Amino acid sequence: MRELLIRQKQVLFFIIAGGLSAVVEIGSFKAFSTYLPHFFARETNFHGIHYPLSNIFSTSCGIITNYFLSIWFVFERGKHSKRKEFAYFMGVSFVSTLLSLGFFQIFYSFIFKDNINLIFYTLSPEMISKIAAILLVSILNYSVKKKVIFNG
């Protein structure tokens, strides 16, 4: 019973840490996707890739936030050294970033075409696509980080 409570607590903390990281990632994506096109005209569509720099920079912000929240609040240290743990975390995050970018492109190009009006805020297709990609990839992230990196 105690292990079940500890596991549920870990999942809850992972959701909170992931939610905070997602807020950082989505907020920075909004900022980057608003301002980078003023400096890089091809940012909105670079050879069919929509908002590549905005995605990469915002995902990096989210990954760094998630790493620190994960080691401080979610997972116990595993059997790896801090350096190796960080390297594994970044490797998994790199693969996750590629998946997230791919899902974003699919969602933005084919699925989410219209704004969603939430009364107090309107979500654009790029924001909806970013949120959907984050949610999809976060499930994979938890499993891999728990089993491979933090050995829990």
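Predicted model: local features only at pLDDT ≥ 70, side-chain atom pairs only at ≥ 80, totals over all residues.
User: What makes up the secondary structure of the protein chain?

Analyst: Four helices and two strands. From the N terminus on, the elements run α-α-α-β-β-α. The C-alpha trace spans about 50 × 35 × 25 Å along its principal axes. Of the 152 residues in the chain, 39% are buried.

User: Why does Ser28 count as buried?

Analyst: Its relative accessibility is 13%. Buried means under 20%. Ser28 therefore counts as buried. Its place is in helix α1, residues 2-39.

User: What does the side chain of Ser28 reach, and what makes that a polar contact?

Analyst: The side chain reaches the backbone oxygen of Glu25 at 3.1 Å. The cut-off for a pair of N or O atoms is 3.5 Å, so this distance qualifies. Not counting residues up to four places away in sequence, Ser28 touches Ser58 and Cys61.

User: Which residues meet where α2 and α3 pack?

Analyst: From α2, they include Asn55, Ile56, Thr59, Ile63 and Tyr67. From α3, Phe86, Phe89, Met90, Ser93 and Thr97 are among them.

User: Why does Ile63 count as buried, and which residues is it in contact with?

Analyst: Ile63 is found in helix α2. Its relative accessibility is 16%. That is under 20%, so Ile63 counts as buried. Leaving aside neighbours within four places in sequence, Ile63 is in contact with Phe89, Met90, Ser93 and Thr97. Its C-alpha atom is separated by 9.6 Å from that of Gly18, 45 residues apart along the chain.

User: What are α3 and α4 called relative to each other, and why?

Analyst: Helix α4 covers residues 125-149 and packs against α3 at about 150°, with the axes 8 Å apart. Over 145 degrees counts as roughly antiparallel. Therefore α3 and α4 are roughly antiparallel to each other. The crossing of α3 and α4 is right-handed.

User: What makes the Tyr67 and Phe68 pair edge-to-face?

Analyst: A search of the whole structure finds 11 aromatic pairs. Tyr67 and Phe68 form one, at 5.3 Å centre to centre and 75° between the planes. Centres within 6.5 Å make a pair, and planes over 60 degrees apart make it edge-to-face. Both values pass, so the label holds. Tyr67, Phe68, Trp72, Phe86 and Phe89 form one aromatic cluster.

User: Which phi does Tyr51 have, and is Tyr51 buried or exposed?

Analyst: Tyr51 has a positive phi of about 55° although it is not a glycine. Tyr51 lies in the loop between α1 and α2. At 8% relative accessibility, under the 20% limit, Tyr51 counts as buried.

User: Why is Ile119 called exposed?

Analyst: Its relative accessible area is 83%. Exposed means over 50%, so Ile119 is exposed. Its place is in the loop between β1 (116-117) and β2 (122-123). Ile119 has a positive phi of about 70° although it is not a glycine.

Technical notes: Residues numbered from 1 in each chain as written. Heavy atoms only, no water. Buried < 20%, exposed > 50% of the residue type's maximum accessible area, 1.4 Å probe, protein only. Polar contact = N/O pair within 3.5 Å; in protein donor to acceptor, adjacent residues only side chain to side chain. Contact = heavy atoms within 4.5 Å. Phe/Tyr/Trp six-rings, centres within 6.5 Å; stacked < 30°, edge-to-face > 60°. Axes fitted to C-alpha atoms, helices over the stretch in contact; angles between N-to-C directions. Parallel < 35°, antiparallel > 145°, perpendicular 65-115°, else oblique. Left-handed = near helix turned anticlockwise from the far one by under 90°.
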